[in-house]
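Hi there,

Here is the structure I promised to pass on to you. Have a look at it first, and then read my notes below.

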Amino acid sequence: VSRQLKEEIRRGFARLEDPLAGLLAMLESSSDWKGKGHSLGYCITTELQLWIKAHPAVPQSGTKLKKLQARVLGMLSQCPANLLDPLISIYQLHTADRNYLLEHVSHLYLQGNYKEAAILSIKLKLQPDQDVEKMCTPLLLQDKANLVEAYVAEYPELQRKLLQTLDTWCESSFNIRDIIRPYQGLSKYNPEKFNRRVLSKLIFRLLERFNVDSALCPNVINQRHLRTLNYLFYKRFVEKTMTEENWADHIQSTVGENRWLQAHLVQSLLRHCDARGAARWAQHCQVPPEMLPQAVAEELQKLHIQDRVEEVTKADNYEASKKKDYYQLPIPRENIHFLQTWEETLQCWEKVLQAGQVVGVDMEWKPSFGMVGKPRVALLQLALKDEVFLLDLPRLLEQAEAEGEKEKLPHFIQMLYSDAAITKLGYGMSGDLSSLAATCSALKDTEKQMLGVVDLLAVDKQVDGLSPEHSHEERGVRQPEKGLSLLVQHVLGKPLDKTEQLSNWEKRPLREEQILYAASDAYCLLEIYERLCKDPESFGLGSDLTESLVGKQSKKPRAKKQLNKQEAPSPSGQEFQGPRTEPSHPPAPISPQEFSVVCDNMLQGLGRYLRCLGVDVRLLDNEDDHRKAAEIARQEGRVILTSGLPYQTLRSQVGEGRCFSVNCSQKAKEQALQVLKHFNVQVSLGDIFSRCQ
């Protein structure tokens, strides 16, 4: 707004006997202010707000103000969002009679203006005097979960009430149609977006967002545990990729003493074992005898209590004879050290924090199986050429806190990651570091300070012939290798044995198989790095690999640098600095009209920005599974724009170059520049806003 116009507006207020009544009269007689954006009405209103601050004598009180408040209330439901706060402030609506305000919002609600009623309630802080279920139900039916979240955001009691209501709707005996019936004529209602699966996702999101105890929602928690139970049976008896001890640990921690889950456990046992086998596992998991079918109960009576449950199913055991199929640690067992005291850990530090050292870094945590919260690191593995250190993080953090030195561990980890003279090797470092930050908040900025790191996840994009199809066929029914195991197989000849990957890493003592798995996961990074540096050409990499492998400046590259790469950044947000096989010429230039994309649900800002530039964009909804992007891409010939871990899954489901990983740390504009540059999309002035209605 020009200075001249502002001065004219202020002179106008000074001439008016009653500026508040004057503004209302102007807004009531004009339709200009009802549009989106900065209309003249908006400019005048905000200038009056500033003018009142400079002239405190202007605000009125008493009957005159009440009349003005009544008039302004009638306008607020048609008011653009940017005018709400200025009008509420100017007409002091927070001082109006609360019952009168509640009555007005109730009237809006009865007219079917549910969104407007909720927004006004939030602005006037009326929520404590309203029925949370009544206010939020129509909003959920209209797929306005974000507004529901905002409605309860500042009221812990309402958060709990809402979560309990949503959990009741997820009970198996509850008929969801009973909720829908009173809102039959609801506009924008999409029944497909209102079901138990969507509600369950929303509940977990709210539990995490508001840090509420999940015990408040037993129905969704039980359903999630049941899905975990089914998954564990699949891993053990169908895929046969889980050891007996590992499986038993997870079954016990999932089922616990929950009678409902115990009943499902018994049913699943009978589907996969005979009565004797089911009885042994029921005994091992302490299922009450009265819950067992007669045949299983009879077998249970015959059993003698044994220290270790025998295997009675056909699932393959982890046998020594199979070890020859997998990568083996080349160092003796006594060189693997499990550290639980600070005295041992300080000796480890002296060896690790030396200039010129190369360290393989990995972390393990207990699988969350979709439960609330980020996983906390239970084990930190540091591999050197001759030995591997396994740090018991929960124990060390507990000891340091008891001694009043809780900054001791973060200090060591920050020293390690920020020292450019020490080469740190990892695989998918970004995921590891976000779990580390969830374990110890002092480490939340570690990724920004990293120097001298090599994320071998980026090698996946460069090593020749690296795809699951190259898995050795002689291994029979085993699942095809992927991720680090595939890289190990391709570079070192044998894959990693991943049977302990889903272990309960928080349980102590760790089993021998867990210790060997954890040490192998970190040590294999050293061997891969050494092989790639010695002989890069045989893996399709450039000869100057030794120089370029170590990220001397491992901070996240700026957008411009990434735009010069023909390859997408790795999901860790770090480019693997090795040379790339550049195409002989960039892709042919195309216009935004010829470029169609589907944006994953964490990139809605990017999608809207590209649409403004004339690109044909489809956006996934918040509750959509990432895999839906691949379906849309295949059906409609679109390019997938995604980020982080989903990139690894999605890129294998579409043609080469049809999936692009965007840097999530950038703003929408920088992301858009990165996408346009990569696909050589040429935007002209006529393309801008060409798709806007």
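How many aromatic pairs does the structure hold? It holds 13 aromatic pairs, where rings of Phe, Tyr and Trp (its six-membered ring) pair if their centres lie within 6.5 Å, and planes under 30 degrees apart count as stacked, over 60 as edge-to-face and the rest as tilted. One of them is edge-to-face, because the rings of F237 and W247 have their centres 5.4 Å apart and their planes at 85 degrees. F237 belongs to helix 13 (residues 218–238) and W247 to helix 14 (residues 244–255), so this pair ties together parts that are ten residues apart in sequence. Helices here are DSSP runs of H or I with at least four residues, strands are runs of E with at least two, and both are numbered from the N terminus.

Before going on, a word on the source: this is a predicted model, in which local features need pLDDT of at least 70 and side-chain atom pairs count only at pLDDT 80 or more, while totals for chains, interfaces and linings use all residues. Residues are numbered from 1 along each chain as its sequence is written, and side-chain values use heavy atoms, with hydrogens and water left out.

Back to the rings. Both F237 and W247 are buried, meaning under 20% relative accessible area, with exposed over 50% and partly exposed in between (1.4 Å probe, protein chains only). Ring pairs also link F233, F237, W247 and W281 into a cluster.

Charges meet rings too: a charge sits over a ring if NZ of Lys or CZ of Arg is within 6 Å of the ring centre and within 35 degrees of the ring normal. The charged end of R224 is found over the ring of F204, 3.8 Å from its centre, and K408 lies over the face of W342, at 4.5 Å from the ring centre.

Next, have a look at strand 3 (residues 377–383). Seven of its seven residues are buried, so strand 3 is largely enclosed by the rest of the structure. Strand 3 runs antiparallel to strand 2 (residues 358–365), joined by six bridges; two strands pair if DSSP finds at least two bridges between them. In this pairing, V361 stands opposite L382. With strand 4 (residues 388–391), strand 3 pairs in the antiparallel sense over four bridges, and L380 stands opposite L391. Strands 3 and 4 form a hairpin with four residues between them.

For the overall picture, the protein chain has 29 helices and ten strands, and 49% of its 693 residues count as buried.

Enjoy exploring!
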